Every structure is written in structure tokens, then in C-alpha cells.
Amino acid sequence: ARLVFVSPPDAELLAERLRQVVAAANERLRGMTDERYALEHSDDRGYGEQRGGLSLRIRDDWNGEHRDPATLSGGETFVVSLALALGLADTVAHEAGGTDIDTLFIDEGFGSLDADTLEDVMDTLDSLRDGGRVVGLVSHVPELRSRISTQLEVSKGRNGSTLRPMVSAG
């Protein structure tokens, strides 16, 4: 057996990849935030970074402010994280010659969204489903029940959890 050493990726290469993901994420983020927020790549050194160039800022186009992502509310953080995940999936699909990531699971975060933002996020997820992707949501938010036609209800008991398939009229 041979031992092969691989050098870590060049910071400039990582920064360029991050710019690509941010550009794709912003396409998603605009629709989910009524064109309010945009991500910006920053050359500043972020928390835990030994070198700069891999940080993000949030631009609020409604008031012109720039914010540290740590200042986002729970709902805002959820939406930005979802946009980044979708942007990464879009970037990977583009790199793989158009091969989509067909299945996406999202765990919670919906309870922290206001009604308008929840509607925008659900519209985005509906568009993914309409495009042929499978989108699984893990949530305790009752408002989602009317939007999700096929559901699995998880009930916990003394002998473990049970699953019950449900189909709604929604």
C-alpha cells in the first residue's frame, strides 16, 4: 500500500466555489424573502477561520444594511440555510452535467417563520416538487398539514415509535 498526501484546497479555489454557491443561493433567497435578503461573499476572516476569504454577510435590500449572519432571527437563519442548501445542490447539479439531486429532506425551522415567509418558502418547495424532486419535510407546524398531501405521522409509545401513512385532501 502507498501513502498519498493530498494538499488542502487552495483558499482561492474554495472562495471561488463559495461565490458560485452564493450566486445560486441568492436566486433561491430572492424568491423566499420577497427580494429582501441577499448573501454576499466576504474576504474578511470569519469566526474560526485561519485565513480570510470564506465568510458571508447578509445584505438587506429593504434598508441597505449589511449584517453578520449571527444577527439573523431563527426564521431568517432557516430561510438563508435553506437557500444555501438549494444553491449548493444547484451548483453540484451544474458541475455534474445537469444531474439533479432528486431528494431533499428538511428538518424543522418552519415554526419560526412568519406567515408571509412561510408561504414564500412553501412556494419554493412546491416548485422543486413540480420540477420532479422529492421534498420531505419534518415539522410540527399545523399549517403545513394543509399544504402537504402525503404525510407520515410518527407516534411515540412505550415500545417505540410507530408510523402511520396519511393522505390529506390538500
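Biologist: What does the side chain of Asp-68 reach at 2.7 Å?

Modeller: A polar contact is a pair of N or O atoms within 3.5 Å; within protein, one must be able to donate a hydrogen and the other to accept it, and residues adjacent in sequence count only if both atoms are side-chain atoms. Here the side chain of Asp-68 reaches the backbone nitrogen of Ala-70 at 2.7 Å. The model is predicted: local features need pLDDT of at least 70, side-chain atom pairs count only at pLDDT 80 or more, and totals for chains, interfaces and linings use all residues. Residues are numbered from 1 along each chain as its sequence is written, and side-chain values use heavy atoms, with hydrogens and water left out.

Biologist: Is Asp-68 buried, partly exposed or exposed?

Modeller: Buried means under 20% relative accessible area, exposed over 50%, partly exposed in between (1.4 Å probe, protein chains only). Asp-68 has 46% relative accessibility, so it counts as partly exposed. The C-alpha atoms of Asp-68 and Arg-57 are separated by 5.2 Å. Those two residues are eleven apart along the chain.

Biologist: How many residues does the chain have, and what percentage is buried?

Modeller: The chain has 170 residues, and 34% of them are buried.

Biologist: At what angle do α2 and α3 pack?

Modeller: Two packed helices are described by the angle between their axes and the distance between the axes. Axes are lines fitted to C-alpha atoms, for helices over the stretch in contact (heavy atoms within 4.5 Å). Angles run from 0 to 180 degrees between N-to-C directions. Helices (H or I, at least four residues) are DSSP runs, numbered from the N terminus. Here α2 and α3 (residues 115–130) pack at about 15°, with axes 11 Å apart. That makes α2 roughly parallel to α3 (angles under 35 degrees).

How values were computed
Helix = DSSP H or I, 4+ residues; strand = E, 2+ residues; numbered from the N terminus. Parallel < 35°, antiparallel > 145°, perpendicular 65-115°, else oblique.
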